[in-house]
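Look at the sequence and the model below.

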Amino acid sequence: MADTRRRVKVYTLNEERQWDDRGTGHVSSSYVERFKGMSLLVRAESDGSLLLESKINPNTAYQKQQDTLIVWSEADNYDLALSFQEKAGCDEIWEKICQVQGKDPSVDITQDLVDESEEERFDDMSSPGLELPPCELSRLEELAELVATSLPSPLRREKLALALENEGYIKKLLELFHVCEDLENVEGLHHLYEIIKGIFLLNRTALFEVMFSEECIMDVIGCLEYDPSLSQPRKHREFLTKTAKFKEVIPILDPELKQKIHQTYRVQYIQDMVLPTPSVFEENMLSTLHSFIFFNKVEIVGMLQEDEKFLTELFAQLTDDTTDDDKRQELVNFLKEFCAFSQTLQPQNRDSFFKTLSNMGVLPALEVILGMDDLQVRSAATDIFSYLVEYNPSMVREFVMQEAQQNDDDILLINLIIEHMICDTDPELGGAVQLMGLLRTLVDPENMLAAVNKNEKTEFLSFFYKHCMHVLTAPLLANTTEEKPSKGDETLGKFPYSIRLCLPSSMLEPSCPVARQLVDHFAKGNNPFNKIYNNLTAQLLALILELLTFCVEHHTYHIKNYIINKDVLRRVLVLMGSKHAFVALCALRFMRKIVGLKDEFYNRYIMKAILFEPVVRAFLNNGSRYNLLNSAIIEMFEFIRVEDIKSLTAHVIENYWKALEEVDYVQTFKGLKLRYEQQRERQDHSKLDSMRSILRNNRYRRDARTLEEEEEMWFNTDEEELEDGEAVLPADRSKTDGEIVDHFGKFMERKKCMESADLIVNSFFLLPSLPSPPLHPTPNPPTNSPPHDSTAGICNERTAHLSSPKITLLHSHADGAVAERSPRKREDPDSIPGQGAKTLGEFPYSTRLCLPTSKTEPGS
């Protein structure tokens, strides 16, 4: 078993002047070759890793505080502290440090904090100690001047502190304070204020222990009431004794614990309220005061946590139905402060602390408290819940998932949190913002990665979207549709959603006379709360959209299924028409996050539901105003252009180009049009290349099926068709040279026909459409082509009665427009009108090769 005397906690002081715990281990002192000297080594008790390796420098100032603390600075603004479990271990290491530096172990500080001039050093060496004037009324001014002149010099501060300790001078000064008050000696009281303030700046733990003792602390506060810069003294003692009352919500039987609580509260009050705000040069002089309060809080939490009877009684009264409201409020406030103190614990102890609270039933207790009507109690319960979520969100998630197996959705803890967020009546929605932050932490997959249960992410998100998401989105869905109440429910539908949430259920009944009066009152335009509730609803919707946007970014398929199945994006984009610009921007941000994922499932959903329409309409309604909405919409379209999202580019140009082509102060939309044309051009070339490849494959590498089809076509075509080159025959190697020359000429004729066939196939996929009005989808971009000839097409007059669509020969221009081209008609004496089976033969062979089989069916 390790020696408990050497057991220590390692602390470092952060930028906010708060101590951060670096771990618990065992300290030793030994010679380290790398440092060429004696060093302090701390190895972690958990795995033996090195927590601290610090050389004992001869010139470093080490301070011993509260018998179990050693504090020193290794560099500028880098302070270290060792907190010992036992005083004996602290004394042992302190002796080692003093031995290296050649100091007497009885001192509490080993070195000066800064260098001094040679003259000052000579003066200090020549005088063995600092002699204080007698503690008399007539010498108070001299003593105040001595304290003021000693503060700049670290050595003189040290000697002044030793003199004050050894002579018991502080208690004598406090006796003079009573004399000055009785005599109403204002000048003497002002001198005492300067003296006591200077003693605080000496930054000595030994002096603080005397000043903060039960018999002295109120007199010290009394001295600090007489600030010379104030015309009237402050009444701190009156506040502490008469106004501030110590309430024991649960009786504390340990007198030491009770005394420690009183002391910590008063010292905290001195730091926050009594002492003047320290200057930049004085701030570091109060570091020991910060440490004193910090370690006091650690001791209080530890002592309370070890008292099982106390905690058991606390939670029993919290959840007891017979507990009156005032008592429960006091219990909740105590638990809130208890959790606040726990922030000073090191991670291992803090984890143990919250596990203890969990085992005691803190979450079921919070569920009861959050159901109360008292706003102050609910606010305190929310603060407690935030401590739990911020430290251990997995514990909260585990509780709510277990709770869902036993209770209905309406009374789940997480749904209570959502309802309180929705029903927050604060004009600034301060509580709703806090609760939204907690929900965001709970649904954040980033803090689920380190969980012991690997399935936590999947299980919790499935639970959340099944049991909670409908509660979260209820205000959004209720405010983005026209309410059409059914018969017998007209009264309910006439209230705004935010008002309905805050009214008792009895007032929402159709038969309620009060509700009818309110409806009539609102109908006449006499609603004094209308503006307030409109603003509250807008801010609430913005919060909900912010959380949903976070879910889109982090929840992949859960939120995708919810958005598509519930058509959430359509409802959100209704808010693009809101008179509140920040709500419209939140809705746009939600869509921008979806577009930014470049997910084709989302893209198809957007195109099918025509969801760019409200965005384009908002852009056009915004007009020429150069504002955030204008910039945000343009940025989204610019993202589509830069990232070359082909499906969305085609959708936007084909449906909204007429509405956007006049926008020329940015090149975004013209760039989208260019992208679209390039995309169409690439598609055209790819189709031509594929058809040529098929033709080459059929000429030189024919399979049995192709041969059978050609044989059938050979018998179904006449000689004229063969001369036209519509059927490609295999080459006969037995031909003579002259025949080869003739064949080459025929080959060139066939090549021209093939190019015509390429144009036919290309045009088949570029069917024209009539121009459509703006903001309505069209299958193809609007064109300026003349009316089509009813007789033009691949199908001749004898097959015009068939059900297949009319196909017009087209060829594309550089500007994207299309023009007609009349095909060469040919006679087919073998075709019989009315027989659909002959439709297949109406197509040239090269065209049929490129068509899917479904297109060549007789009924197509």
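## Strand 1 and its partners

Strand 1 and strand 2 (residues 19-32) run antiparallel and are joined by seven bridges. Strands here are DSSP runs (E, at least two residues), and helices are runs of H or I with at least four residues, numbered from the N terminus. Two strands count as paired if DSSP finds at least two bridges between them. The model is predicted: local features need pLDDT of at least 70, side-chain atom pairs count only at pLDDT 80 or more, and totals for chains, interfaces and linings use all residues. Residues are numbered from 1 along each chain as its sequence is written, and side-chain values use heavy atoms, without hydrogens and water.

Strand 1 also pairs with strand 7, again antiparallel. The table sets out both pairings.

| Strand 2 (residues 19-32) | seven | Val8 and Gly25 |

In the hairpin of strands 1 and 2, five residues lie between the strands, and Arg17 has a positive phi near 60°. Strand 1 spans residues 7-13, and six of its seven residues are buried (under 20% relative accessible area; exposed is over 50%, partly exposed in between; 1.4 Å probe, protein chains only).

## Helix 10

Helix 10 covers residues 255-274. Its first and last C-alpha atoms are 27 Å apart, close to the expected 28 Å (1.5 Å times one less than its number of residues). Its buried residues include Leu257, Ile261 and Tyr269. The buried residues of helix 10 pack against helices 6, 8, 9 and 11 (contact means heavy atoms within 4.5 Å).
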